[in-house]
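Here are my notes on this model, as numbered points. Please read them alongside the coordinates.

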Amino acid sequence: MSFSIRQAAKDAKHAARQVARLSPEQKREVLHEISQHLIQQTQNILSANQLDLEHAKDIHLDAAMVDRLTLTEDRVMAIANAVASIAEQDDPVGEISQMKTMPSGIQVGKMRIPLGVVAMIYESRPNVTVDAAALCFKAGNAVILRGGKEALHSNLALAACLHHVLRKHDIDAAAVTVVPDPDRAIMNTLMTLKDDVDLIIPRGGEGLIQYVSERSQIPVIQHYKGVCHLYVDQYADIEQALALLENGKTQRTGVCNALETCLVHKAVADEFLPRAAAMLKSHNTMIHACDSSISHFSDAVSATNADWQAEYLAMEIAVRVVDSYDDAVDHITQYGSGHTEVIATQNYATANAFIRDVNSAVVMVNASSRFSDGGELGLGAEIGISTSKLHAYGPMGAESLTTEKFVVLGNGQTRK
């Protein structure tokens, strides 16, 4: 039977009404069973993933994409644990806030409600299939998942796990739809179905996100790339700053919360940079250095303007010495992508100024950029990251997949 995205969207809209009516207890039970079933099906999931990895070699997929594509027993366990964590979070649906009595005597408040149908368009990351499904389900939504062709076998294996549990609980399987055909024409049609789909979230490379944002007839929440900065302030603890740099840059390079630029105050450059150079060299890191820092590196290349805007997603980093705190903030403001910024400082006033002055989605003081993650920030998982400042900003959890409606309670009042 051929797949129709138009029919799938209509089915998802119908299923969304059922999911929206589920109680918090029902959703919690379903999510816990999904978590357990994923663990039970680990070997089947890994076998499907192996097919995708073999295809990735044939098409010479780049290293960052392969890393995101790869599943292991530990990564499947992490996915399952994220679902369990989402299950135990407070349910945002039905929450009433800001209730107040107006001069007329009516009571006015706001209630959180599901968005309806959320469509995810993403590349390479099989974990997104489960994270997005679990978060949308928790928030009372249906979800349409259009992954890339490079992860098709993995996504379908994960979808089978999800559907098994949904059917067991008599929940319409259309609540989680994985598009089985990677044809771009299907994606293009999906972006026009504004009568049935309420929100699109693209997640992947800058090209994909730009493509979706320019063509969608449905509201889009996105971030284009993660140009994340570490600013080593003149009052930094040098040992701590080195640890933040090493973890942020080298732990996992192919992710959007990895560091791409290190800014160093001139007052500590001579102390910090030689030690940073030795550490980065031990990781075979390519350095793009400014004129004031390049002498501290044995094999750096001169940084260009393009390097300050680069998301390397590799063992590469740009390094720049700045004259002052204000220069560091100006650099981040000019070149940052609004994702995550870190300051290393022991000065309370400077830390507070950084928090106030830098308006990226996540701002950190003396903590690794790698904590800019839904799970680490208490969301259980994230469906994506918004840098658009509309509706949601930063990693998006279940609450970000709801909206609010006004609720008015009266006692027969009529307006004069």
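1. Charge first. Lys and Arg count as positive, Asp and Glu as negative, while His and the chain ends are not counted. Each charge is placed at NZ of Lys, CZ of Arg, CG of Asp or CD of Glu. On that basis the chain carries 36 positive and 50 negative side chains, and the centres of the two sets are 9 Å apart.

2. Provenance. This is a predicted model: local features need pLDDT of at least 70, side-chain atom pairs count only at pLDDT 80 or more, and totals for chains, interfaces and linings use all residues. Residues are numbered from 1 along each chain as its sequence is written, and side-chain values use heavy atoms, with hydrogens and water left out.

3. Fold and dimensions. The chain holds 13 helices and 16 strands (DSSP runs numbered from the N terminus: H or I of at least four residues, E of at least two). Its radius of gyration is 23 Å, close to the 22 Å of the globule rule for 416 residues, so the chain is as compact as a globular protein of that length. The radius is taken over C-alpha atoms, and the rule is 2.2 Å times the number of residues to the power 0.38. The C-alpha trace spans about 70 × 65 × 35 Å along its principal axes.

4. Of the 416 residues, 53% are buried (under 20% relative accessible area; exposed is over 50%, partly exposed in between, with a 1.4 Å probe and protein chains only). Among contacts (heavy atoms within 4.5 Å) with a separation of 6 or more, 73% join residues 24 or more positions apart.

5. Cores. A nonpolar core is a set of buried Ala, Val, Leu, Ile, Met, Phe, Trp, Tyr and Cys residues joined through side-chain atoms within 4.5 Å. The largest has 51 residues; Leu 38, Met 120, Leu 145, Ile 383 and Leu 401 touch the most other members. Helix H6 (residues 126-138) gives the largest share of this core, eight residues. A second, separate core has 38 residues, including Cys 262 and Tyr 312.

6. Leu 145. Beyond its neighbours within four places in sequence, Leu 145 has contacts that include Met 120, Tyr 122, Ala 132 and Val 178.

7. Backbone check. Most residues other than glycine have a negative phi. Gln 98, not a glycine, has a positive phi of about 60°. Gln 98 sits in strand S1 (residues 96-101) and is exposed at 53% relative accessibility. Asp 170 also has a positive phi, near 60°. Asp 170 lies in the loop between helix H7 (152-168) and strand S5 (176-178), exposed at 66%.
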